[in-house]
Amino acid sequence: MIELFSANTPNGKKVSIMLEEIRYEYKVTKVDINSGEQFKEQFKKISPFSKIPVIIDHKKDRTIFESGAILIYLAEQSGKFYNEQSKTEINQWLMAQMGYIGPMLGHIINFIIIIQEKVSLVKKDILKFPKRIYQELDERLSKSKFLSGDNYTIADIGTFPWIARHEWHDIGLKNYKSLSRWYEEISERDTVKRGFAFMDENEFPPKP
Ligand SMILES: N[C@@H](CCC(=O)N[C@@H](CS)C(=O)NCC(=O)O)C(=O)O
């Protein structure tokens, strides 16, 4: 009787398929790798890298970890799917699966998914800032004609080109009524139009 310590993954399924192919009797002991069961001391005794699959061949009192090694063991025991004359040919395809196909299609894709999730979380967090700033400026400009008071000053000159990037910020400048009013008024100044186009005569402050 073979005891298969496994989880429902491609590496786990490789061994259960092989056991079915060779028609061995086996018992499955589930290892919940999502809750960290693979790190338990008891399991580490049979799996030094805390990975499934592992088999115990109770009849022979042998434990084998690493799915490729398990397949070879079971093939040799049963005399099936690993014929003597083709061993080198089979080995190279099995090793390619172990060293390349599995890791590439498994771990690396998982890493990419995790990284993308992290990037989108960070992006979401960072995107709060433009919203907050637009809100703050809008509140200020709902009480004041220009940033520092009744007059157009260098505070407005310094801030205007940043708000002129509103399309990049992609938060809908026109939803901020007072900020839009301020922005449009400054955009209409000939001096601002000329200063804005100082490197490219076709450049103008984009409409809200
Ligand atoms: N090279 C090993 C890879 C085994 C492996 O990556 N197992 C994964 C599940 S498919 C695992 O146990 N992950 C849990 C962990 O690493 O903590 C084999 O082919 O047996």
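Strands, like helices, are DSSP runs numbered from the N terminus, a strand having at least two residues. The legends below describe close-up views of a predicted model.

**View A. Ser6 in strand E1.** Ser6 is a residue of strand E1. Because buried means under 20% relative accessible area, Ser6 counts as buried at 7% relative accessibility. Apart from neighbours within four places in sequence, the residues in contact with Ser6 are Gly12, Thr29, Lys30, Val31, Ile52 and Pro53.

View B. Five of the five residues of E1 are buried, so the strand is largely enclosed by the rest of the structure.

**View C. Pairing of strands E1 and E2.** Strand E1, residues 2-6, pairs with E2 in the parallel sense, and five bridges link the two. Within this pair, Ile2 stands opposite Tyr26 of E2. Phe5 of the pair stands opposite Thr29, also a residue in E2.

**View D. The four-stranded sheet.** The strands form an open sheet in the order E2-E1-E3-E4, and their pairing is mixed. Strand E2 (26-30) and strand E4 (62-65) stand at the edges with a single partner strand each, so one side of each is left without a neighbour in the sheet. On average, neighbouring strands of this sheet are turned by 20° against each other, direction ignored.

**View E. Helices packed on the sheet.** Helix H1, residues 10-21, packs on the sheet and touches E1, E2 and strand E3 (54-57). The direction of helix H1 makes about 160° with that of E1. Helix H3, residues 67-78, lies across E1, E3 and E4. The angle at which helix H3 runs to E4 is about 135°.

**View F. A nonpolar patch on the surface.** The patch is formed by Tyr100, Ile101, Met104, Leu105, Ile108, Ile109, Phe111, Ile112, Ile113, Ile114, Ile115 and Val119. Together these residues have about 1100 Å² of accessible area. One of them, Ile101, is found in helix H4, which spans residues 87-126. With a relative accessible area of 37%, Ile101 is partly exposed, because this class lies between the limits of under 20% for buried and over 50% for exposed.

Methods:
Residues numbered from 1 in each chain as written. Predicted model: local features only at pLDDT ≥ 70, side-chain atom pairs only at ≥ 80, totals over all residues. Heavy atoms only, no water. Pairing = 2+ DSSP bridges. Axes fitted to C-alpha atoms, helices over the stretch in contact; angles between N-to-C directions. Contact = heavy atoms within 4.5 Å. Patch = residues over 30% accessible without salt bridge, like charges linked within 9 Å, V, L, I, M, F, W, Y side chains within 5 Å. Areas by Shrake-Rupley, 256 points an atom, 1.4 Å probe, with all protein chains shown as cover. Salt bridge = Lys/Arg side-chain N within 4 Å of Asp/Glu carboxyl O. Buried < 20%, exposed > 50% of the residue type's maximum accessible area, 1.4 Å probe, protein only.
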